[in-house]
Amino acid sequence: MPNLLTHLKFGMVSYPFYLIIYTSFLKFFKTNISLSVLDISLSYLFYIVGSDLPDLDSSNAPLRGFTKALSLGFSIYIFTNFIMEKLSNLPQLKIPVILLLPISVAISMLIGAGLINLFLSMPIFSHRGFAHSVTFAGIYGLLIYLFSTGKSDNAIFLGISAFAGVMSHMIADYRKNPTKIFKLW
C-alpha cells in the first residue's frame, strides 16, 4: 500500500500529464478556455488533496486527522449562530455576553467532532472500500465544482481536476490490478 508521501509524489508528477490530457481534449473538441494562474493553482491543490483523499478510510492516514480538524471549521460555520441564538434565548442560564460566542463555538466544535467521527466510523469507510471508488471520486469532483461555481469561471475544470486527483490515487493503489481502478463502490 503506498503511503502519503508516495501518493503526493505521484500526484505531483502526474499533474502536468493531467493538464496535457485535459487541454488535448479541449483542442480536440475545439473548445477555447482561458485558465488563469489562480485556476491552475486551485486545480493543483484540489488534485493533490484528491491524490491522498481516499486514504481517509485508513485509521492511520495523516490526512484523516487533518480532515477532522478542518471539519470543525465547517461545524463552526454551520452551527454557531444557531447555538448562540438558542443560548441567548434561555434566560435561566444567565450566560455573560462575553462568553456566549466562545461557548457556542465550543459546542459547535463538539457537534462537529462527534459527526465526523461517526461518519468516518461507518462501515463504508473500511480501508479500500467506498473511498477507493469512482463514485467517491465523482462526489469529490462534484462538490468542488458546486463550491467553485460562481466563484470561478472554470469551475468545471476545478471539479474535473479534483476527480482526476482521486483517480491518480486509485492508479497508484491498483497498478497491479487495473480493473479495480474503476470500481463503483
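Start with helix H3, where Leu63, Arg64, Thr67, Ser71, Leu72, Ser75, Thr80, Ile83 and Leu87 are buried (buried means under 20% relative accessible area, exposed over 50%, partly exposed in between, with a 1.4 Å probe and protein chains only). This is a predicted model, where local features need pLDDT of at least 70, side-chain atom pairs count only at pLDDT 80 or more, and totals for chains, interfaces and linings use all residues. Residues are numbered from 1 along each chain as its sequence is written, and side-chain values use heavy atoms, with hydrogens and water left out.

**The overall picture**
- The protein has 6 helices and 0 strands, counted as DSSP runs numbered from the N terminus (H or I with at least four residues for helices, E with at least two for strands).
- Read along the sequence, that gives the pattern α-α-α-α-α-α.
- Along the principal axes, the C-alpha atoms fill a box of roughly 65 × 40 × 25 Å.
- Of the 185 residues in the protein, 38% are buried.
- Take the contacts with a separation of 6 or more: 74% of them involve residues 24 or more positions apart (contact means heavy atoms within 4.5 Å).

**Helix H3**
- H3 runs over residues 62-88, so to speak a stretch of 27 residues.
- From its first C-alpha to its last, H3 reaches 38 Å, close to the 39 Å expected at 1.5 Å a residue (the expected span is 1.5 Å times one less than the number of residues).
- A kink of about 45 degrees in H3 is centred on Phe79; the bend at a residue is the angle between axes fitted to the seven residues ending there and the seven starting there.
- Helix H2 (37-52) and helix H4 (97-120) are among what covers the buried residues of H3.

**Helix H2**
- H2 has 16 residues and spans 23 Å from first C-alpha to last, close to the 22 Å expected.
- Its buried residues are Asp39, Ser43, Phe46, Tyr47, Ile48, Gly50, Ser51 and Asp52.
- The cover over the buried residues of H2 includes H1, H3, H5 and H6.

**The largest pocket**
- About 1300 Å³ of space lies in the largest pocket. A pocket is an open set of points on a 1 Å grid over the protein atoms alone, where a 1.4 Å probe fits, with protein on both sides within 12 Å along at least five of seven lines.
- Its lining has 30 residues, and Thr67, Phe74, Tyr140, Leu143 and Phe147 lie nearest the centre; lining residues have an atom within 4 Å of a point.
- H2, H3, H4 and helix H5 (134-148) each give two or more residues to that lining.
- H3 supplies the largest share of the lining, 9 residues.
- By class, the lining splits into 24 nonpolar, 5 polar and 1 charged.

**The second largest pocket**
- The second largest pocket has a volume of about 160 Å³.
- Among the residues lining the second largest pocket are Phe10, Phe17, Tyr47 and Met167.
- Helix H1 (4-28) and helix H6 (155-173) each supply at least two residues of this lining, and H1 gives the most, with 5.
- This lining has 8 nonpolar, 2 polar and no charged residues.

**Pro91**
- Pro91 sits in the loop between H3 and H4.
- Pro91 has a relative accessible area of 60%, so it counts as exposed.
- Pro91 and Phe17 are 74 residues apart along the chain, and their C-alpha atoms are separated by 61 Å.

Methods
Points joined across faces, edges and corners; volume = space filled by probe spheres on them. Nonpolar A, V, L, I, M, F, W, Y, C, P; charged D, E, K, R; others polar.
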